[in-house]
Amino acid sequence: PSLRFCGSSSVCPQLRGPPDAALHEGVLAHYDSDSRSWQENYFVLLGDFTLRWFDNEEALRKGCEPRGSATLSGYLLLSAAGEYAEWLSDLCQGLAGGSPFADAPGEFLLFLCHPFRWHFCLGAGSAGSHRAWRAALGDALRSRSTELRRRDSLDAEAFLAAVRFYQQERGRYGAEDLLLGSEPEILGNVLMEDLLPVLRSQVLPSFGGSERSRQRRWLQFLQEVYSLVLDEISSEFEGFQEGKEKLQIELEKKIRPDLDQMLTLKEQIATELQAMVRSPAESCCARGVEPELACVLEQLLRPLGAGVEAVRSLFARRAEEMMALARSSPVAILQEELLALGTTPWQPDAMRPCYEEADLYRESLRGLEERFGFRGVTSLVLGAQDLMQQLMQNCTHTFQQLSQQHLGRAAACHQLPQMLGKVRERVLKKFDYDSSSARKRFAQEWLLRIFLPFLLKHLEAGCKLELPQFESFVFADFSGVINLENIYEETVLAVLQQAVGKGEGAACPRPEHPPSKYFQSPSHRCCLSVHG
């Protein structure tokens, strides 16, 4: 039979996610902003990616209530006091408070940062503990923050599109990093961004005291406002979810009888819009996008290629361990280890070298916000890491399935290593093919996410503001279904897709495997990695 990867197909069993038990636990120093001192607490990262902390391990074992807990969606993980101070400075515009503490307990620091939630300043006791906590927390942040994107449903896609349209109506483009977390959290982020200018102008001046005191009070105030906003939104969103199915049924009844007429009308409007939009869009694309495409494409492919290569190496090493086990252990033990192989994608420390390659985007693409208004590098990093995890899931699951088939067919135990070797080569061959396609799709998707908001913003005055003249084309009965802004964005997107296609065609061909030497070239610097 032909070999294909399992995992995403509905006919294949879904790999289990992280266990419900604790993913990681241990003692960490924790900065308490109320007492302004460092205290040791016992922290536990649960399987649902909730972080809890207790006075000590004994309190946990006795079943005592935790001192506190936090869901980790939307957080940023930093490991240097200077990085944290810089991040605080950007958040607290107009305040020069710097880091909230003077002396840190050692050099193994971790900072969990959120613009509107409680910050965690943590200290590990050793390099090994720091490395393990960094891997575990990073995996938790990614899993919680990209939950909605990984849902891969029309509901999720429509929700994210509606939020983008809301932001664009207020002149904000490219703010991908606000779209991390659950639906209520995303709505809370967007509403807080609406409120921030007002709060800065009307509330912040009322805070007296030193700069550090004003900074602390300002952060506490933002956390309290966000908590109230999130509680209200969560309640309203839950109520909306209860009535959503009824609304969808009513909308379907409205669309179904006139679907052909609606589609015909949409095409007519699209033709009229193209006549107005296409030429300015092509001109803007030629001036502002096409000269940068090759450079940005290169920067998108290099870290991802290195990360995918690390995934390949990790899987190959684990498969070789299975082959060595087949030479020296009973079949029953080999079967147990094959089952354990499926947990590799959920082992943060094992996947850490792969994920760290994606972190290089934070440096290489830092100029995108200044040049193109793109505020989504964190989303990009997390998306690349999700892709790496999915590729590892595909590898381990397919290797498990094929290996189990051979275990039942092997006439003698001495044949197993050779059979597993053949399975390994088949899986790696499929991995090379599929990862090449995945890298290309990833680069295409993010080129569009980076440059489409840039185009839409620059075309707003000359094109988007002219949309009201097309409202008369939409019949009154169809006004709740046919959306002019959707058609307008599709027209601009088509121009950008054509430019991206040409840019990719002109790019230098890349070797299928191994890509590591090409992707890790230290001498090449993209023009976007330098501000200005």
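**Aromatic pairs**

The count comes to 17 aromatic pairs, where rings of Phe, Tyr and Trp (its six-membered ring) pair if their centres lie within 6.5 Å, and planes under 30 degrees apart count as stacked, over 60 as edge-to-face and the rest as tilted. The rings of F207 and F221 are edge-to-face, because their centres are 6.1 Å apart and their planes stand at 75°. F207 lies in the loop between α6 (183-202) and α7 (211-255) and F221 in helix α7, so this pair ties together parts 14 residues apart in sequence. Helices here are DSSP runs of H or I with at least four residues, strands are runs of E with at least two, and both are numbered from the N terminus.

Before going on: this is a predicted model, in which local features need pLDDT of at least 70 and side-chain atom pairs count only at pLDDT 80 or more, while totals for chains, interfaces and linings use all residues. Residues are numbered from 1 along each chain as its sequence is written, and side-chain values use heavy atoms, with hydrogens and water left out.

F207 counts as buried at 11% relative accessibility, and F221 as partly exposed at 21%. Buried means under 20% relative accessible area, exposed over 50%, and partly exposed in between, with a 1.4 Å probe and protein chains only.

Another pair is F372 with F451: centres 5.0 Å apart and planes at 80°, so edge-to-face again. F372 lies in helix α13 (residues 368-372) and F451 in helix α15 (residues 416-459), so the parts tied together are 79 residues apart in sequence. Both F372 and F451 are buried. F43, W53, Y75 and F120 form one aromatic cluster.

**Cores**

Where does F451 turn up again? It is among the residues with the most contacts inside the largest nonpolar core, which has 86 residues. A nonpolar core is a set of buried Ala, Val, Leu, Ile, Met, Phe, Trp, Tyr and Cys residues joined through side-chain atoms within 4.5 Å. Helix α15 gives the most to this core, with 19 residues. L496, also listed among those with the most contacts, touches C285, V289, L448, F451, L452 and L455, not counting residues up to four places away in sequence. Contact means heavy atoms within 4.5 Å. A second, separate core of 27 residues includes L109, F116, V229 and L230.

**A strand pair**

Strand β3 (residues 50-54) pairs with β4 in the antiparallel sense over 4 bridges; pairing needs at least two DSSP bridges. R52 stands opposite S69 in β4. Strand β4 (residues 68-71) has a covered face, G68 and A70, and an uncovered one, S69 and T71.

**Two polar side chains**

R142 is found in helix α3 (residues 127-145) and counts as buried, at 0% relative accessibility. Its side chain and that of D386 are joined by a polar contact of 2.6 Å. A polar contact is a pair of N or O atoms within 3.5 Å; within protein, one must be able to donate a hydrogen and the other to accept it, and residues adjacent in sequence count only if both atoms are side-chain atoms.

N189, in helix α6, is buried too, with a relative accessible area of 7%. The N189 side chain reaches the backbone oxygen of L178 at 3.3 Å and makes a polar contact with the side chain of Y226 at 3.4 Å.
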